[in-house]
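Hi everyone, thanks for making time. I'd like to walk you through one structure and how some of its parts pack together. Let me put it on the screen.

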Protein chains: 2
Amino acid sequence: MTVQVDEMDRKILRALQEDASRSLDEIAREVGSSKTPVWTRIRKLREAGIIGRQTVILDAEALGLEACFFVLIRTSEHEAEWQQTFLAALRARPEVMEAHRLAGEIDYILKVRVPNARAYDAFYQALISEVRIYNVTALLSMEEIKSTPLLPLGQAPSKS
Amino acid sequence: MTVQVDEMDRKILRALQEDASRSLDEIAREVGSSKTPVWTRIRKLREAGIIGRQTVILDAEALGLEACFFVLIRTSEHEAEWQQTFLAALRARPEVMEAHRLAGEIDYILKVRVPNARAYDAFYQALISEVRIYNVTALLSMEEIKSTPLLPLGQAPSKS
DNA sequence: CCTGAAAACAGACCCCC
DNA sequence: GGGGGTCTGTTTTCAGG
């Protein structure tokens, strides 16, 4: 299921990331090709899952989601069963926007978007009542300096 | 420039986040309205900046961006000039996908996407040569458990 | 593999309710 | 402010070079 992604594909992906609302014609012009070939490539990239969801970026603050926390989690449990419960809980909660398992001292990091600190506390209480966690540190964002959905496709190497 | 966002607007925003490629008709049907009113609302939300960029979510791993780091930064500098330099550096680097200024012990957190650990080191070296930083901890992601661009609009309160 | 045309389709804007 | 229709441009498909 691995697809070869060449430089033309990367140009198309860059253009789509930037603005997916433009017409095929515009994108074709920007990447220096023409409608049909670009369309064929987009279709292939979609089928391969390299192009995923098409979405719009919304203004979280304007929608009342004014608090953003990064949550550092240490656990003493490392059994498969515990992990399954934990992961399921994270995936089920929409306020968890990112969750990563880490190498090193800290086991997990979450990014959590909520209306306010009270809502974060409710989330936190619910989480620790569902799964045993050894240690939690919450980092409160004071200012979103940067947040981009654009992957750095500038000169990243493609998989061989 | 603050716009009142009512429940119908929220429904539309939820639908657009989920899949921005659907037609106006489909979205209108989903939210229980019709083409024109939905279109008018979308236009207003766009003009108000609540709806931002339209984009596609790409598969980072498939595109050779196999490493993701969360970087915790402490600094001793808190003058405006230093901060300006630092923020400009972060915004200029495409591998920095998120940057937040934090409350508490740790001053900043970054999310950095790169092809591999070597590329991260190159980024790190470049950054510390541009600005003085007191202490840096890099957390390496072993597994992306969850990553969603969808804001939790379920029952978030709107701004009064 | 690209070009160009043809068909189905959706977005933008209208007037009427 | 919502409903429906129309015109224009875009997506998608297909035949041919």
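Let's begin in chain B, with helix 1, residues 7–18, and helix 2, residues 24–31: their axes come within 10 Å and cross at roughly 130 degrees. Please keep in mind that this is a predicted model. Since angles from 65 to 115 degrees count as roughly perpendicular and those over 145 as roughly antiparallel, helix 1 of chain B and helix 2 of chain B are therefore oblique to each other. The crossing of these two helices of chain B is right-handed.

Who makes that contact? From helix 1 of chain B we have Met8(B), Lys11(B), Ile12(B), Ala15(B) and Leu16(B), and from helix 2 of chain B come Ile27(B), Glu30(B) and Val31(B). Sorted by class, the residues of this contact are six nonpolar, no polar and two charged.

Now stay with helix 1 of chain B and look at its other partner here, helix 3 of chain B, residues 35–47. These two pack at an angle of about 80 degrees, and their axes are 10 Å apart. That angle makes helix 1 of chain B roughly perpendicular to helix 3 of chain B. On the helix 1 side you'll find Met8(B), Asp9(B), Ile12(B), Leu13(B) and Leu16(B), which meet Val38(B), Arg41(B), Ile42(B) and Leu45(B) of helix 3 of chain B. By class, this contact has seven nonpolar, no polar and two charged residues.

Over to chain A. How is chain A divided into domains? Domain 1 covers 7–47 and domain 2 covers 67–140. Taken over C-alpha atoms, the centres of these two domains of chain A are separated by 38 Å.

In chain A, the axes of helix 2, residues 24–31, and helix 3, residues 35–47, come within 9 Å and cross at roughly 95 degrees. These two helices of chain A are therefore roughly perpendicular to each other. Helix 2 of chain A brings Leu24(A), Asp25(A), Ile27(A), Ala28(A) and Val31(A), while helix 3 of chain A brings Lys35(A), Val38(A), Trp39(A) and Ile42(A). The classes here are seven nonpolar, no polar and two charged.

Last stop, the aromatics. Over all chains, the structure holds 12 aromatic pairs. One of them is Trp82(A) with Tyr108(A), a tilted pair at 6.3 Å centre to centre, with 45 degrees between the planes. Trp82(A) sits in helix 4 of chain A and Tyr108(A) in strand 4 of chain A, so the pair ties together parts that are 26 residues apart in sequence.

Methods
Residues are numbered from 1 along each chain as its sequence is written. Chains are lettered from A and ligands numbered from 1 in the order in which they are written. This is a predicted model: local features need pLDDT of at least 70, side-chain atom pairs count only at pLDDT 80 or more; totals for chains, interfaces and linings use all residues. Side-chain values use heavy atoms; hydrogens and water are left out. Axes are lines fitted to C-alpha atoms, for helices over the stretch in contact, and angles run from 0 to 180 degrees between N-to-C directions. Helices (H or I, at least four residues) and strands (E, at least two) are DSSP runs, numbered from the N terminus. Angles under 35 degrees count as roughly parallel, over 145 as roughly antiparallel, 65 to 115 as roughly perpendicular and the rest as oblique. A crossing is left-handed if the near helix is turned anticlockwise from the far one by less than a right angle, and right-handed if clockwise. Contact means heavy atoms within 4.5 Å. Ala, Val, Leu, Ile, Met, Phe, Trp, Tyr, Cys and Pro count as nonpolar, Asp, Glu, Lys and Arg as charged, and the others, Gly among them, as polar. Domain bounds come from an automatic or database domain assignment. Rings of Phe, Tyr and Trp (its six-membered ring) pair if their centres lie within 6.5 Å; planes under 30 degrees apart count as stacked, over 60 as edge-to-face and the rest as tilted.
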